Amino acid sequence: MEAVWSVTLYLIIFLYGIFIGSFLNVVILRLPKKESLTRERSHCMSCGYRLAWFDLIPLFSWLFLGGRCRKCGQPISAQYPIVEAANGFAYVFIFMNAYGLNAYGMFEYFRPDTVIFCLLASALLALSVIDFRTYEIPVGFNVFILVLGCANLVYRIVAFGVRGSDWQDYIIGFFAVSLVTYAIYYISQGKAIGGGDVKLFASAGLLIGWKLILLSFFLSCLLGSVIHLARMKISKAEHVLAMGPYISAGIMISVLFGDRIIGWYLRLFGL
Ligand SMILES: [Zn+2]
């Protein structure tokens, strides 16, 4: 019986994730163009057909229609279902990371940081796609992540007390990578790393602390160099590198598996 409950709860979290994911698609599309996020109904990019409610069910409408517009049959970008599914799975992984296979645990002891990390995942997902397309991280995302960082700090101090909260780790986290990357930004005059990337390391550092933001930095450099070199080989992709997606991936890997990775690394050296 408990297993049925768990599966149901995780399914609800997944559905919630894909609904937020479809909102992220609107943000990704309209924010760089400074359009209103709420005013206009979504429409087909080819024929202008205004989507009905049954065309707007995240993930499932796209799958059901085979990735094509109901009216004109033109293909609809796979970015929509990919962002929705990615956001859904991110929410499930974050909750599984906190409660394991027994989702029912969240009713016994709810951890507000799971919600904070879900919001972080959504912000990272949206800013990654925008950065990938425009080479720019809108500053609003970094403000949002900074607010999440403050909320997390308040939660930790309330829940664990000033001494048990390790609040210093988070303050140091704000500066740990951002100072170094700011120096690189300053010396290279913005050519080696973007200002938005530096701010992302600062805001995310406050949220996840210095150990995990350092790990995120190493992971993003590793992912960035390997994947970008591969892409340049395969598709002759342009040499400009949008770091946002790699930094975001590094942060999410650190949030989900960072403690395990650091523990494993330290054991390697017998520490
Ligand atoms: Zn159409």
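Which helices do the buried residues of H7 pack against? They pack against H6, helix H8 (178-187) and helix H9 (195-235). We will come back to H7 along the way.

**Before you start**

This is a predicted model: local features need pLDDT of at least 70, side-chain atom pairs count only at pLDDT 80 or more, and totals for chains, interfaces and linings use all residues. Residues are numbered from 1 along each chain as its sequence is written.

**Stop 1: the whole protein**

Show everything as a cartoon. The protein has 10 helices and 0 strands. Helices (H or I, at least four residues) and strands (E, at least two) are DSSP runs, numbered from the N terminus. From that end, the elements run α-α-α-α-α-α-α-α-α-α. The radius of gyration is 20 Å, close to the 18 Å that the globule rule gives for 271 residues, so the protein is as compact as a globular protein of that length. That radius is taken over C-alpha atoms, and the rule is 2.2 Å times the number of residues to the power 0.38.

Along its principal axes it spans about 60 × 55 × 35 Å. Of the 271 residues, 34% count as buried. A residue is buried if 20 or more other C-beta atoms lie within 10 Å of its own, exposed if 12 or fewer, and partly exposed in between, with C-beta atoms placed from the backbone. Now consider contacts (C-beta atoms, placed from the backbone, within 7 Å). Residues 24 or more positions apart account for 70% of the contacts with a separation of 6 or more.

**Stop 2: H5 and H6**

Select residues 112-134 for H5 and residues 139-164 for H6. Two packed helices are described by the angle between their axes and the distance between the axes. Here the axes come within 10 Å and cross at roughly 170 degrees. That makes H5 roughly antiparallel to H6. Axes are lines fitted to C-alpha atoms, for helices over the stretch in contact, and angles run from 0 to 180 degrees between N-to-C directions. Angles under 35 degrees count as roughly parallel, over 145 as roughly antiparallel, 65 to 115 as roughly perpendicular and the rest as oblique.

The crossing of H5 and H6 is left-handed. In such a crossing the near helix is turned anticlockwise from the far one by less than a right angle; clockwise would be right-handed.

Show side chains. On H5, pick Pro 112, Asp 113, Ile 116, Leu 119, Leu 120, Ala 123, Ala 126 and Leu 127. On H6, they meet Phe 141, Phe 144, Ile 145, Leu 148, Ala 151, Asn 152 and Tyr 155. The residues of this contact divide into 13 nonpolar, 1 polar and 1 charged. Ala, Val, Leu, Ile, Met, Phe, Trp, Tyr, Cys and Pro count as nonpolar, Asp, Glu, Lys and Arg as charged, and the others, Gly among them, as polar.

**Stop 3: H5 and H10**

The axes of H5 and H10 come within 8 Å and cross at roughly 160 degrees. The two helices are therefore roughly antiparallel to each other. H5 passes H10 in a left-handed crossing. From H5, the contact uses Phe 117, Ala 121, Leu 124, Leu 127, Ser 128, Asp 131 and Phe 132. From H10 come Gly 244, Pro 245, Ser 248, Ile 251, Met 252 and Val 255. By class, this contact has 9 nonpolar, 3 polar and 1 charged residues.

**Stop 4: Ser 254**

Is Ser 254 buried or exposed? With 25 C-beta neighbours inside 10 Å, Ser 254 counts as buried. Leaving aside neighbours within four places in sequence, Ser 254 is in contact with Ile 208, Leu 212, Leu 215, Ser 216 and Leu 219.

**Stop 5**

Select residues 167-176, helix H7. Tyr 170, Gly 173, Phe 174 and Ala 176 are buried there. Trp 167, also in H7, counts as partly exposed, with 16 C-beta neighbours inside 10 Å. Not counting residues up to four places away in sequence, Trp 167 touches Leu 153, Arg 156, Ile 157 and Val 162.

Now click Asp 166, in the loop between H6 and H7. Most residues other than glycine have a negative phi. Phi of Asp 166 is near 55 degrees, a positive value. Asp 166 is partly exposed, with 15 other C-beta atoms within 10 Å.

**Last stop: Gln 189**

Go to the loop between H8 and H9 and find Gln 189. Gln 189 has a positive phi of about 55 degrees although it is not a glycine. With 7 C-beta neighbours inside 10 Å, Gln 189 counts as exposed.

How values were computed
Contact = placed C-beta atoms within 7 Å.
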